[in-house]
Amino acid sequence: MLTALDDTSLAYIVLSRWLPGLITVVAGGYMASILFPKLQRSALRASQVEEKKIEIAEQIVQGFNRYIVSWRRLIQISNLETMRALTTEEQDRKMGFVTERNARRDDLLDKLKLCQLYFCETSCSEIERFVAWDEGQSTKPLEDLPDLEDWRRHERTITGLIKNEIS
């Protein structure tokens, strides 16, 4: 089409020199003003979600450890109680361990609940299994309590699933 036009005509100059630049400016303006901000927001949101997942994962690892340590302390002093009567100081310490264990459990369960917003169904299902199992443990007598390794097994399973999601 341009070959039919005189190369000194206004139409030729507009079509051959100005139109490509104008198209570039319009397309570039569209990309810069509409598409790039959308892409940036999407990338920012994905980055924020990943950061939040890592933060929750770290809190869960710490929470599990603290909760299990609280159980260990409570079990140890309860074992001592089966051998002899506890002193008043030991009885107070035991009640402190009960309070500590309950607080640590609440904290861990709060963090595990956040997983529903950020982690996949497999991780959430495993968390639900642990919570259901754990609910029955706090009211059991000492002789019926599972070994601490059972809590560690749940911890390893859940943290392993979560770790795979953030890797």
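The model is a predicted one, so local features need pLDDT of at least 70 and side-chain atom pairs count only at pLDDT 80 or more, while totals for chains, interfaces and linings use all residues. Residues are numbered from 1 along each chain as its sequence is written, and side-chain values use heavy atoms, with hydrogens and water left out.

**The whole chain**

Let's start with the big picture. The chain has four helices and zero strands; here helices (H or I, at least four residues) and strands (E, at least two) are DSSP runs, numbered from the N terminus. Of the 167 residues, 27% are buried, meaning under 20% relative accessible area with a 1.4 Å probe, protein chains only. Take the contacts (heavy atoms within 4.5 Å) between residues at least 6 apart in sequence: 67% of them join residues at least 24 apart.

**The largest pocket**

Rolling a probe the size of a water molecule over the atoms shows where empty space is left. A pocket is an open set of points on a 1 Å grid over the protein atoms alone, where a 1.4 Å probe fits, with protein on both sides within 12 Å along at least five of seven lines; lining residues have an atom within 4 Å of a point. The largest pocket holds about 190 Å³ of space. It has 16 lining residues, and L74, S78, K94, R101 and K140 are the closest to its centre. Helix α1 (10-83) and helix α2 (88-118) each supply at least two lining residues, and α1 gives the most, with six.

Now for a couple of individual residues. Where do D134 and I162 sit? D134 is in helix α3 (residues 121-135), and I162 is in helix α4 (residues 148-166). D134 counts as buried because its relative accessibility is 0%, and I162 counts as buried because its value is 2%.

| Side-chain pair | Polar contact |
|---|---|
| D134 and Y67 | 2.7 Å |
| D134 and R105 | 2.5 Å |

Leaving aside neighbours within four places in sequence, D134 is in contact with Y67, W71, R105 and W151. I162, not counting residues up to four places away, touches A57, I60, C115, F119 and S123. I162 and C115 lie 47 residues apart in sequence, yet 8.9 Å apart in space, C-alpha to C-alpha.

Technical notes:
Buried means under 20% relative accessible area, exposed over 50%, partly exposed in between (1.4 Å probe, protein chains only). Grid points are joined across faces, edges and corners, and a volume is the space filled by probe spheres set on the points. A polar contact is a pair of N or O atoms within 3.5 Å; within protein, one must be able to donate a hydrogen and the other to accept it, and residues adjacent in sequence count only if both atoms are side-chain atoms.
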